[in-house]
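Student: Can we go through this one together? I'd like to start with the charged pairs and then move on.

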Amino acid sequence: MREPPQTDEGWYALHDFRRIDWAAWRDAPQREQDRAIEEGIDYFERHEAVADADDGVSAVFSALGHKADLMIVHLRPTLDALSTAERRFDRTALGAFTEQSTSYVSVTEVSGYVSDDYFAEDEEEVDAGLRRYIEGKLEPDVPDDTYASFYPMSRKRGEQDNWYDLPFERRREMMEEHGEHGREFGGRVKQIVASSVGLDDWEWGVTLFADDPTDLKDIVYEMRYDEASARYSEFGPFYVGRRFPPEDLPAFLAGEAVPTDDAGEGHDEHAHGDADGHAHGDDEHAHDGHAHGDDEHAHDGHAHGDDEHAHDGDADEDDIRGELADLDIYAGKPHGEDVYATVLYSEADADELFEEVDGLRSNFDHYDTHVKTAVYDALERDRRAVVSIWDTASAADTAAGFLSELPDVVSRAGEESGFGTMGMFYTVKPEHRTDFVEKFETVGDLLNEMAGHGETDLMINREDENDMFIASQWRSKDDAMDFFRSDEFADTVSWGRDVLADRPRHVFLA
């Protein structure tokens, strides 16, 4: 029975690989070199600014190895626009010093592996968050991450292992497994996956982006152990390069390190999916892990382990909880009572941040394991916290990857300098809210006078003013415990029993 997944297409992609005739470049008069550099910079700047089309994105990479010197990537709404971009480079003085060693043409794509809902006949029934996610996959950005790896791939059609003979549900099952493993690389690896069926020699073109090139190796290596890859995938040649800004073209041609301003540091951005291609981490939709296509890998925020404070930190946490219990102070559990939470701090505009989080939250709601995601504003300074709470550690970890892509994220709970953060969540009785805030201000004054105290914020849920948490940073465990042992804190705990609607539930101790 024929069961091809439904697909929807977006922008067309061209990966244009160029070799430079270095002998001709060395022998060229200075005026010809200057003209080539001037026209090359102008070409790259105009195309990165998308001055040649109504929409799209472009980037240039310094390719390593013998297969190419430059990898120029264009995404545009039409094939004609790609053709024009390709030919315009050939007409530049820089293009005259190059030879196109190879190229690859494809089109961004989403399929029924992502979500059946998206292909429902009634478009009004499609979840707004899912629609925004899909649109981002069909019209992706080129991430600013330092390194990129491109390769084509196809699904096997052999006598014994034929992907296209498998029932749709079996393919979907393997892709869900693929996506689960890919999400382990969330935040470290991003992707653009585009279909090339009928457009080029292979079936998909995959471009991975990462700040650390070993992540590019690791994700391809580890994902090959999944059945969808081990039994049913074939891979073409790999190309690796480093992105650099157009103004660094003279340095590149002079054999100098590029980018010239921040060598060794990276950037950041998003990724994509496909129909029968791969499933990369940062790119996992919350409906079923963003498992687009037959995605091979994963992209989605920093991929932290199942326990945010691992190794030696576990023993410290147990010691702290024991001491708090001795003081008759309820200490909760490291990530929550029977749930797991992650907290990131951002200095972005409050409305902009909330809109971004709201979009992610609508995607998260497709997960049965999602409990809550909310934005909290600090009471006394221009800082916000994004809190995401889940039933499982792996789900919270995956969410952290997506959340790390939010604008102006400055830190994550447990990653600050010094001892770290203690964060206790409170639900306050409405009639006592004002009293609670005033009590915090009194305690805050006390904290500011204590040795080893860094900073403490009262964070208030933008959607529920009675939902709050206190995030407190300390230089050491002993400094924090001095506060917990104080008469002032004991008084606060006793007073809180009357004003809280429930006991503090979620506690972080780094």
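This is a predicted model: local features need pLDDT of at least 70, side-chain atom pairs count only at pLDDT 80 or more; totals for chains, interfaces and linings use all residues.

Student: How many salt bridges does a search of the whole structure find?

Tutor: The whole-structure search gives 25 salt bridges. Side chains of opposite charge can pair when their charged atoms come close.

Student: Start with D16. Which residue does D16 meet in a salt bridge?

Tutor: R18 is the partner of D16, with 2.9 Å from N to O.

Student: Is D16 buried or exposed? And R18, buried or exposed?

Tutor: D16 has a relative accessible area of 1%, so it is buried, the cut-off being under 20%. R18 is also at 1% relative accessibility and therefore counts as buried.

Student: What about E405, which side chain does that one meet?

Tutor: E405 forms a salt bridge with K190, at 3.9 Å from N to O. E405 and K190 are both buried.

Student: And D351, which residue does it form a salt bridge with?

Tutor: D351 pairs with R462, and their closest N and O atoms are 3.1 Å apart. This pair links distant parts of the chain, 111 residues apart: D351 is in helix α10 (residues 350-364), while R462 is in the loop between β15 (453-461) and β16 (464-474).

Student: How accessible are D351 and R462?

Tutor: D351 has 53% relative accessibility, so it counts as exposed. R462, at 33% relative accessibility, counts as partly exposed.

Student: Which residues are linked in a network of salt bridges?

Tutor: One such network links D161, R170, E173, E227 and R231.

Student: Changing topic, helix α2. What span should its 19 residues have, and how far apart are the end C-alpha atoms?

Tutor: Helix α2 covers residues 30-48, and at 1.5 Å a residue it should span 27 Å. Its end C-alpha atoms are 27 Å apart, so the two values agree.

Student: Which residues of α2 are buried?

Tutor: The buried residues of α2 are Q33, A36, I37, G40, I41, Y43, F44 and H47. They cover an arc of only 165° around the axis, so they lie on the same side of α2.

Student: Which exposed residues are on the face turned away from that buried side?

Tutor: R31, R35 and E38 are the exposed residues carried by that face of α2.

Student: What covers the buried residues of α2?

Tutor: The cover includes α1 (22-27), β2 (57-63), β3 (70-76), α3 (79-90) and α8 (249-253).

Student: What follows α2?

Tutor: V50 follows α2, and its phi is positive, near 55°.

Student: On to rings. How many aromatic pairs are found?

Tutor: The search of the whole structure finds 19 aromatic pairs. Among them is the tilted pair of Y151 and F235, at 5.7 Å centre to centre with 55° between the planes. This pair links distant parts of the chain, 84 residues apart, with Y151 in strand β5 (residues 147-155) and F235 in strand β8 (residues 233-235).

Student: Buried or exposed, Y151? And how accessible is F235?

Tutor: Y151 is at 0% relative accessibility and so counts as buried. F235, at 22% relative accessibility, counts as partly exposed.

Student: Which residues do ring pairs link into a cluster?

Tutor: F17, Y104, F150 and Y239 are linked into a cluster by ring pairs.

Student: Last one: which ring does the charged end of R155 sit over, and which face does R383 lie over?

Tutor: The charged end of R155 sits over the ring of W163, 4.6 Å from its centre. R383 lies over the face of Y345, at 4.0 Å from the ring centre.

How values were computed. Residues are numbered from 1 along each chain as its sequence is written. Side-chain values use heavy atoms; hydrogens and water are left out. A salt bridge is a side-chain nitrogen of Lys or Arg within 4 Å of a carboxyl oxygen of Asp or Glu. Buried means under 20% relative accessible area, exposed over 50%, partly exposed in between (1.4 Å probe, protein chains only). Helices (H or I, at least four residues) and strands (E, at least two) are DSSP runs, numbered from the N terminus. The expected span of a helix is 1.5 Å times one less than its number of residues. The arc is that of the directions from the helix axis to the C-beta atoms. Contact means heavy atoms within 4.5 Å. Rings of Phe, Tyr and Trp (its six-membered ring) pair if their centres lie within 6.5 Å; planes under 30 degrees apart count as stacked, over 60 as edge-to-face and the rest as tilted. A charge sits over a ring if NZ of Lys or CZ of Arg is within 6 Å of the ring centre and within 35 degrees of the ring normal.
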